[in-house]
Every structure is written in structure tokens, then in C-alpha cells.
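Student: I would like to go through this model with you, one question at a time. Can we start with the contacts between chains and then turn to the strands?

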Amino acid sequence: MGIQGLERIVMEHPFFAGLDEGLRALVSGCASNARFEPDQYLLREGEPADQFYLLRQGRVALGIRAPARGELVFQTVAEGDVVGVSWLIPPYRWASDARALDVVHAIAIDAACLRRKCEEDHDFGYAMMQCFLPTLIQRLHAARLQILDVYGTPA
Amino acid sequence: MTPPRRPKPTVLTTEGLQALIDALRNHGFRVVGPTVRDEAIVYDDVTSLADLPRGWTDEQDGGRYRLVRRADDALFGHAVGPHSWKKFLHPPVQRLWRAERDGDGVRIEPEPVSTERFALLGVRACELKAIAIQDRVLLGDAYADAHYGARRRGAFVVAVNCGVAGGTCFCVSMDAGPRADDGFDLSLTELMDDAGHRFLVEVGSDEGREMLAGLPQRPADPPDLAEADAVVARTAASMGREMRTDDIHELLMGNLEHSRWDDVAARCLSCGNCTMVCPTCFCTSVEESSDLTGDQTSRSRRWDSCFTMDFSYIHGGSVRSSARSRYRQWMTHKLATWVDQFGSSGCVGCGRCITWCPVGIDITEEVREIRGGESA
Amino acid sequence: MVPRVVRVSRRAPDAPQVWTLELETEAPELDAFAPGQFNMLTVFGVGEVPISVSGNPAAPERLAHTIRAVGPVSTALVGLKPGDPLGLRGPFGRGWPMDAAEGRDLVIVAGGLGLAPLRPVLYQVVAQRARFGRLVLLYGTRSPDDILFRSEIEGWRSRLDLDIDITVDHASPSWRGHVGVVTKLIAGAAFDMSRTVAFVCGPEVMMRFAVAALRDAGVADGAIHLSMERNMKCAVGFCGHCQLGPAFVCRDGPVFRYDQVRDLFGVKEL
């Protein structure tokens with residue numbers, strides 16, 4: 001797929017809706033195409049957060065492995081969502097696993113490349129933060145509700 | 001109980017009043033009225049004038065009730081006490097049904113309605129209004145309670161126009177007195193001037209007229225009527241409390257987070273006295289009981305109070321777990337949401353909740369403070 | 001105020017501590033109910049509790065009630081065996097406004113045991129499919145073990161004319177479905193919210209957030225309906241226990257239009 005094809009895919013992805021054309025072109029410079037088979041891992045806990053993904057198709061399970069309990073999935077995400085947010089902050093290491101549940105098509109973004117562009121151009125950096133913050137806040141809200149066990153039988 | 005055309009008022013002496021009590025008893029009514037017991041004036045069986053609180057009056061204030069001797073022999077020279085007529089019409093305990101195991105099934109026997117007929121002697125104007133309010137709540141919606149209905153229809157009401165206003169009374173503010181206008185079979189105004197100790201009698205229904213018919217009485221003359229009006233006017237002018245009501249619904253429902261609720265919560269003991277003495281409070285709970293074998297069970301309804309911790313209990317906790325929320329519920333219901341539900345205020349200004357609150361919380365003061373203080 | 005004596009005809013487990021009892025009565029003409037209504041069930045000698053009817057309104061002879069054992073009466077109820085007698089009063093309450101959903105798209109958001117009072121809606125919509133537009137069921141629950149009415153859901157899933165999305169808060173190792181809060185499913189449901197009616201039922205916390213997500217997605221306050229729950233003793237607006245502001249939940253609800261209770265929702269401990 002040529003650079004133009006990739007650019008079009010990045011521009012059409014709902015995650016970057018509202019970003020102006022020039023800034024989206026900057027993102028495309030760090031982007032590449034990715035595909036995963038079911039049960040393949042997109043990221044693994046503890047590994048360097050080099051590359052994160054914007055899902056175009058298919059679902060991914062985010063989870064943490066525990067001895068004798070296997071993988072504990074705490075969230076599933078699907079098209080339009082981002083997989084991997086720990087690249088935003090040091091030590092740039094993944095805090096959980098991400099496993100494809102179906103055939104997954106995604107845009108892979110080189111995290112170091114994107115971080116460097118944010119440093120060089122603070123307007124671009126601010127625009128990136130505006131794209132990612134809503135996802136982080138929404139996930140925080142959702143995680144709280146899940147922890148509260150609102151459906152549970154009270155003691 | 002609406003009279004087509006009212007007969008002219010007549011006058012009974014005290015002997016005539018005794019004759020009225022006798023006539024009611026001869027007709028099979030259980031006469032209940034004010035009597036002194038345990039240093040208060042309560043409602044209980046009355047067989048003669050000797051049972052009435054002759055020569056007694058009361059001093060009432062927030063958290064304070066004392067009986068005090070009058071200088072005269074008035075039979076109704078007092079304000080309301082801790083009881084209200086709901087103890088007879090909507091009694092504290094009422095069995096609803098009994099069930100018995102019958103082979104592998106169960107047979108239910110509903111509790112028959114009461115056939116006891118009460119003659120309520122000495123019902124004040126505020127109490128007439130409270131009874132009308134309970135009629136609306138307990139009979140006036142899709143569900144009409146048969147037990148209350150039977151007691152209510154069987155009751156004979158002898159109202160009394162108040163000759164004295166209690167220290168916590170504010171019926172004038174609530175448009176509930178002191179003059180009894182309707183809702184009674186007979187209404188009495190006790191007169192004690194130079195013309196003697198006597199009662200002006202007004203008829204409010206056909207039953208009232210029939211009951212009065214055989215009694216020794218004379219027509220009322222202009223001085224009688226004038227003195228009766230004067231008695232009521234004196235009472236109206238000496239209310240112990242007042243409450244402005246024109247804006248109450250928006251005032252309370254628009255101030256559900258007012259700091260005053262914290263203030264009252266610091267004082268309220270959640271004892272529920274106010275709900276027990278209030279003549280319009282109607283909340284009940286149900287209890288299931290059974291014998292040791294479990295073959296005979298029954299369900300009863302009993303008075304309940306929104307101040308109890310488990311009144312609002314649902315799976316695991318109470319919606320209103322703080323005293324603040326429970327006091328707010330009682331007061332906003334009584335003065336505001338009651339209007340949404342039943343078309344009138346739930347409060348008749350009898351002052352009982354003020355008198356019988358152990359810490360003297362005054363509903364009129366709470367409203368005033370939420371509105372903005374002293375001058376409001 | 002006096003119950004009829006009825007019998008348990010069937011008893012089946014749905015989830016941990018949750019059973020569905022079907023009742024047979026001697027006067028089936030009295031059993032007809034509207035989706036969203038509830039009955040008061042008595043265990044003689046123990047007590048009485050309100051339970052939503054969870055069965056098919058077109059088949060009231062199988063009068064189903066889905067019960068979670070949380071207190072002495074509900075625990076006694078789920079312990080009853082087929083043939084055992086119990087007391088029944090009802091049906092009571094204002095149910096789901098099926099007419100308001102006619103011709104519109106219907107989003108049903110259920111949380112935990114909240115699916116039970118909504119199951120009659122699903123039965124009715126499936127039976128009268130042409131009356132309604134798109135039908136979507138979004139169901140969130142604690143874990144895969146807690147999913148209710150599994151076989152029915154599978155049956156409905158296989159139909160092409162309705163969408164079902166289930167999500168759990170806590171996954172099990174074999175679960176391959178959504179994990180996360182049900183509110184996320186609302187945001188992700190991409191269809192015309194301006195012609196949508198929403199029915200929401202579940203724990204009050206979940207309903208608050210679900211309503212917020214529906215409103216964010218463009219559903220009007222007057223098009224959102226919730227089923228509220230309060231302590232009930234009489235079910236006829238007499239005992240005073242179930243009051244929510246000016247409303248008696250037993251009689252003015254349990255289903256309320258959101259714009260009518262919106263202000264009450266925001267007040268703590270009302």
C-alpha cells in the first residue's frame with residue numbers, strides 16, 4: 001500500500017476526526033499497516049511501548065495474566081479504539097497484554113516517532129493530547145464503574 | 001354528611017350535653033373524647049361529663065406540655081393533646097388476614113371490617129380537616145381501604161369550636177380553623193358568660209339532627225350567637241404560632257440542599273414522635289406472624305414512621321440513611337409533595353409535632369429559616 | 001390487600017442465587033400483566049416482597065418471576081418447590097410504554113437483574129416485530145456466569161432483525177465477548193438516536209450513567225424510560241414507603257419517563 005493509501009486510512013480513522021489535514025499528514029509519517037490473526041498478541045506486558053495501534057476492524061481483549069488464573073481480561077475494544085496508551089508516559093512500557101479476538105486490521109504508529117514530532121512541534125503535540133485524553137478519561141470512568149461491582153450481590 | 005339546609009342553632013346546658021352522651025351510647029355508639037390521664041389530656045372512653053377534663057387547660061410550647069388548672073369549670077377549655085382521632089379511625093394495629101394450611105394448600109380468611117361505631121366527642125376544627133385529609137389519602141384514590149372506610153362511615157362526629165388556642169397552634173395559617181365549618185354531625189361551642197355554662201349547638205347532618213331531636217334544648221338567641229362568634233374570634237387572635245404558606249411548595253422543593261437541613265439534623269433524634277402524634281401521618285408497615293408449627297399465619301398492618309432506619313430499606317441499605325434526609329422527607333412530604341399527591345397540604349396547624357418533639361423542633365421555624373430568617 | 005393463593009409450577013436456576021419461578025393460578029383471567037408491572041409474592045409466615053413479572057405477556061398462564069435471594073423472603077421464595085403454595089397480589093404499577101416505542105427504534109439497556117423486567121418487552125417486540133423499527137438490546141452484567149436467560153438470548157441472537165450486545169465487568173477465561181461497562185456499548189451503537197426510544201433497567205448507579213450516555217448520544221429526555229425501585233409494603237399507594245419525591249413508585253411507576261424524574265435523580269438520599 002502506498003503512502004497515499006496509508007494517509008487516506010489515517011485521515012478516515014475516527015480517532016483523528018477533527019484534526020486538520022496537515023497534522024494528519026504528520027501522523028501518517030509515523031504510520032504503517034498492521035494485521036493480526038485471532039489470538040495473536042498486539043502488545044505484551046512489560047515490553048517496550050514502541051508501537052501502538054488504532055483499530056480499523058476486529059476486537060481486541062486487554063488483560064493481565066495471573067498465575068493459576070490465566071488471562072484476566074478487563075476490557076475489550078473494537079474498531080475506532082486505540083490499543084496501547086502507556087507510550088505516552090515514561091518508562092514507555094506496556095502495562096498489560098492486548099490479544100486479538102478476531103482478525104484485526106489496524107494502523108500501527110511508531111511511538112518514538114510520534115513523541116519526537118510532538119516535541120518538535122508543540123501545536124502538533126497539543127493536538128495529539130486532545131485526541132488521546134478523551135480516551136484516557138473515559139477509560140478511567142469505566143474502570144471505576146467496573147470496580148464498584150454495581151451488579152454484585154451486596155454483602 | 002352534607003346538610004341540605006341547616007336548622008337554626010340551639011343551646012344545650014351541661015345536663016343536655018350529658019343527655020347527648022347518653023343518647024349516643026343508647027344508640028350503640030362507643031363514645032370517645034378527651035379525658036385526663038398520665039398528666040395529659042388524651043382521647044379515651046367517655047361515659048359521663050365526669051370523665052371530661054373539667055377545669056383543665058394546657059400550656060404547650062416546643063418540647064413542653066403541662067396541664068394547668070383553669071379558674072373556671074370549662075369542659076373543653078384546652079387545646080389538643082398527644083392523641084388524635086386516627087387512633088380510632090386508622091388504628092395502630094389492624095389485622096388484614098389469617099391463613100391456615102389446608103392439606104397441601106393454604107386457605108386465607110380476610111379480616112372482616114369493624115362494626116364498632118365510634119362517637120367522637122370534642123373534635124376540633126384542625127382535626128376535622130385532618131380527618132378529611134386522611135379520607136382523601138385512604139379512600140380517595142384507586143385503592144380505598146375497607147377497614148378505614150367502615151370505621152369512618154360508622155363514626156358520629158361531635159365537633160367543638162376551640163375556646164382557647166394552644167401555645168403551638170397555627171390552624172389559622174393552615175386555613176384549618178379555629179371554627180368548624182363542616183365535616184361534623186353536630187358542632188358545639190362552649191359558652192361560659194353571665195348567661196350560664198351552656199353549649200351552642202349547630203347541626204351538620206341528618207344524623208346529627210336526629211340525635212339532637214330528643215334532647216332538652218332551647219333555640220339560640222342573638223347574645224348566644226354573638227358570644228359564640230366572640231369565642232372563636234378570641235381563639236383565632238391568639239394563635240401560638242404562624243406559618244406563611246403561599247410559596248411553600250417551591251420554597252421547600254427548591255431548597256432540598258439548604259444548609260438548614262444540616263442544622264435540624266443535628267437536633268433531630270429520629271424518635272418519630274412527630275409522626276405518631278400528627279393527625280394526618282398515615283404510613284403503615286406490615287408484619288407477618290405465625291404459630292410455632294407454621295400452619296397458622298396472619299398479616300397485620302401497623303403504624304410506621306418515615307423516621308425509622310429501615311423505612312426506605314432496599315437490598316442492603318436504606319435510601320435515607322441520614323437523619324437529615326429523613327427529617328427532610330417528613331417535612332417536605334407534609335408541606336409540599338402532599339399537595340402534589342392529594343391536592344392539599346398535609347398540615348393542619350395543630351402544633352402537636354412542636355409540642356411533642358423532645359428537642360422542640362418547630363416546623364414553623366424551620367420553614368421560616370429556609371425562607372431566609374427572622375423577617376421572612 | 002388480601003393475596004390469592006397460587007402454586008409454584010416450575011422452578012429453574014438462572015444464575016448464582018437467581019431463580020425463575022413460574023406460578024399457576026386458579027383464576028388465570030386475573031393474571032394478565034403489562035411488561036414492566038410487578039406482583040407482590042407472599043411466603044406464608046415469612047413475608048411479602050415485590051417481584052417484577054419476567055414472563056411473556058402473551059402467555060400469562062406461565063406467570064414467571066425472576067428472583068434473586070437477598071433477604072429472608074426472597075430466600076424463602078427461591079426455596080419453594082413445584083406444588084408449594086404462595087400468596088399473590090397484583091399486577092401493580094405502570095409498565096413500559098410500548099405505544100411510545102411504536103414505529104420508533106427501541107434501545108433496551110439492561111444491567112444485571114434489570115434484564116428480568118425487560119424480558120416481557122423483548123417477548124412482545126419479537127412477537128409484534130413489524131410494529132417497531134430497529135431493536136437493540138445492550139446488556140451488562142457482572143460476569144459471564146451471571147448472564148440471565150441464556151438460551152432465550154441465543155435464540156434472539158440468531159434472528160436477523162434485532163441486535164444483541166452483552167458485556168461483563170469481570171471476564172472468565174473462556175469468555176470471548178465484550179468486557180467493560182455497558183455505557184460503552186451505548187456510545188458505540190451507531191444509529192439514529194433522534195428517532196430512538198430507550199428503556200433502561202438495572203442498579204440505580206448503572207441507570208444514571210446509562211442515561212448520561214444516552215443523552216450524550218442524542219436521545220431526548222422524554223424518550224428515555226427507567227424502572228425505579230423503592231421499599232414497598234402495600235403496592236397500592238397506601239403505606240407511604242415507596243415515595244420518591246412526590247411519586248409513589250408502586251403506583252406512579254415503577255416505570256418513569258426520565259424527564260419526569262430527572263430533578264429527583266440528582267438529590268442524594270431523596
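**Interfaces and sheets**

Tutor: This is a predicted model. In it, 19 residues of chain A are in contact with 24 residues of chain C.

Student: How much area is buried between chain A and chain C, and what part of it do carbon and sulfur atoms give?

Tutor: The size of an interface is often given as the accessible area lost when the parts come together. For chain A and chain C that area is about 2000 Å². The share given by carbon and sulfur atoms is 53%.

Student: Which side chains meet in a salt bridge between chain A and chain C?

Tutor: The rule finds three salt bridges across this interface, and ten residue pairs are in polar contact. One of the salt bridges has a distance of 3.4 Å, N to O, which is within the 4 Å cut-off. Its partners are A:Asp39 and C:Arg176.

Student: Which element of chain A gives the most residues to the side that touches chain C?

Tutor: Two elements of chain A each supply at least two residues of that side: strand E5 (70-77) and helix H4 (122-148). By class, the side has eight nonpolar, five polar and six charged residues. The element that gives the most, with five residues, is E5(A).

Student: What are the numbers of residues in contact and the buried area for chain B and chain C?

Tutor: The contact takes 45 residues from chain B and 33 residues from chain C. Carbon and sulfur atoms account for 57% of the buried area. The area buried between these two chains is about 3400 Å².

Student: Which residue of chain B meets C:Glu48 in a salt bridge?

Tutor: Between chain B and chain C the count is three salt bridges, and there are 18 residue pairs in polar contact. The salt bridge of C:Glu48 has an N to O distance of 3.1 Å. The partner is B:Arg299.

Student: Where does the largest share of the side of chain B that touches chain C come from?

Tutor: Several elements of chain B each supply at least two residues, among them strand E6 (93-102), strand E14 (296-303) and helix H10 (323-342). The side as a whole has 17 nonpolar, 15 polar and 13 charged residues. The largest share is eight residues, and it comes from H10(B).

Student: Within chain B, which residue stands opposite B:Gly33 in E3(B)?

Tutor: Strand E2 (residues 30-37) of chain B is joined to strand E3 (residues 40-45) by six bridges, and the two run antiparallel. They form a hairpin with two residues between them, and B:Asp38 in the turn has a positive phi of about 50°. Opposite B:Gly33 stands B:Asp44.

Student: What is the bridge partner of B:Val31 in E8(B)?

Tutor: E2(B) also pairs with strand E8 (residues 118-123) of chain B, in the parallel sense over three bridges. In E8(B), the partner of B:Val31 is B:Ala119.

Student: Which are the edge strands of the open sheet in chain C?

Tutor: The sheet has seven strands in the order E10-E9-E8-E7-E11-E12-E15, with mixed pairing. Each edge strand pairs on one side only. The edge strands are E10 (178-179) and E15 (255-257) of chain C.

Student: In that sheet, what is the bridge partner of C:Phe199 in E12(C)?

Tutor: Strand E11 (residues 196-201) and strand E12 (residues 224-227) of chain C run parallel and are joined by three bridges. For C:Phe199, the partner in E12(C) is C:His225.

Technical notes:
Residues numbered from 1 in each chain as written. Chains lettered and ligands numbered in written order. Predicted model: local features only at pLDDT ≥ 70, side-chain atom pairs only at ≥ 80, totals over all residues. Heavy atoms only, no water. Pairing = 2+ DSSP bridges. Helix = DSSP H or I, 4+ residues; strand = E, 2+ residues; numbered from the N terminus. Contact = heavy atoms within 4.5 Å. Buried area = accessible area lost by both parts, 1.4 Å probe. Polar contact = N/O pair within 3.5 Å; in protein donor to acceptor, adjacent residues only side chain to side chain. Nonpolar A, V, L, I, M, F, W, Y, C, P; charged D, E, K, R; others polar.
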